[in-house]
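User: Hi, I have a protein open here and I'd like to go through it slowly with you. Could you start with a term I'll need for the contacts?

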Amino acid sequence: MDTGLANGFQPISFTMIHMAFCSSLAFVTLCIFKLVELVVLCRRVHLSSIVPTDALYSLSLWLPNSAYIYLSVSFTQILKAFMHVIVYTIGILFKKDSYKTSTMCNMLCGRGYCFLW
């Protein structure tokens, strides 16, 4: 374990522990107890479905964190507070979700205090 940062674990250590635990659990579930049926994916399905999803997920984790270096703390807090509104709006724009006034008002009223400070 990395203990160089404030006598605690580095984020990479937590990530590695999490990955090892999930891999072990998946192996036990699939191969030993056979609780879930194995699914065989062809190369085309794997490359057209799983790889793009993984790549976009990785970018969604990496790019915002690297952008925080250049942003002020207060702006980042407002971004984090309104992230669910942004995701909901993008889902509506890409027709993955339908607009509901009650949902949008609930999100905006719940986060309206950000502008009061």
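Analyst: Two residues are said to be in contact when they have heavy atoms within 4.5 Å of each other. Please keep in mind that this is a predicted model.

User: OK, so which residues is H46 in contact with, leaving aside its neighbours within four places in sequence?

Analyst: With those neighbours left aside, H46 is in contact with L41 and V51. The residue itself sits in helix α2, and H46 counts as partly exposed, since its relative accessible area is 35% and that class lies between the limits of 20% for buried and 50% for exposed.

User: How many helices and strands are there in the protein?

Analyst: The protein has six helices and zero strands, so that, read along the sequence, its pattern is α-α-α-α-α-α.

User: And how much of the protein is buried?

Analyst: Buried residues make up 9% of the 117 residues in the protein. As for contacts with a separation of 6 or more, 18% of them are between residues 24 or more positions apart.

User: Let's switch to α4. Which of its residues are buried?

Analyst: Helix α4, which covers residues 83-93, has V85, Y88 and G91 as its buried residues.

User: What lines the largest pocket?

Analyst: The lining of the largest pocket consists of M83, I86, V87, I90, G91 and F94, and it divides into five nonpolar residues, one polar and no charged. The space in this pocket comes to about 220 Å³.

User: How does one find empty space like that anyway?

Analyst: A probe the size of a water molecule is rolled over the atoms, and this shows where empty space is left.

User: What follows α4?

Analyst: After α4 comes K95, which has a positive phi near 60°, and K95 is a residue other than glycine.

User: Last topic: which residues does UniProt list as "transmembrane region"?

Analyst: The UniProt entry, which is unreviewed, lists residues 12-33 and 69-94 under that name. In the model, the chain over residues 12-33 is 95% helix and 0% strand, with its end C-alpha atoms 30 Å apart.

User: And how far apart are the end C-alpha atoms of residues 69-94?

Analyst: For residues 69-94, the end C-alpha atoms are 29 Å apart, and this span is 77% helix and 0% strand.

Technical notes:
Residues numbered from 1 in each chain as written. Predicted model: local features only at pLDDT ≥ 70, side-chain atom pairs only at ≥ 80, totals over all residues. Heavy atoms only, no water. Buried < 20%, exposed > 50% of the residue type's maximum accessible area, 1.4 Å probe, protein only. Helix = DSSP H or I, 4+ residues; strand = E, 2+ residues; numbered from the N terminus. 1 Å grid on protein atoms, 1.4 Å probe; cavity = no way out; pocket = protein on both sides within 12 Å on 5 of 7 lines; lining within 4 Å. Points joined across faces, edges and corners; volume = space filled by probe spheres on them. Nonpolar A, V, L, I, M, F, W, Y, C, P; charged D, E, K, R; others polar. UniProt positions renumbered as here; feature names shortened; annotations may be inferred.
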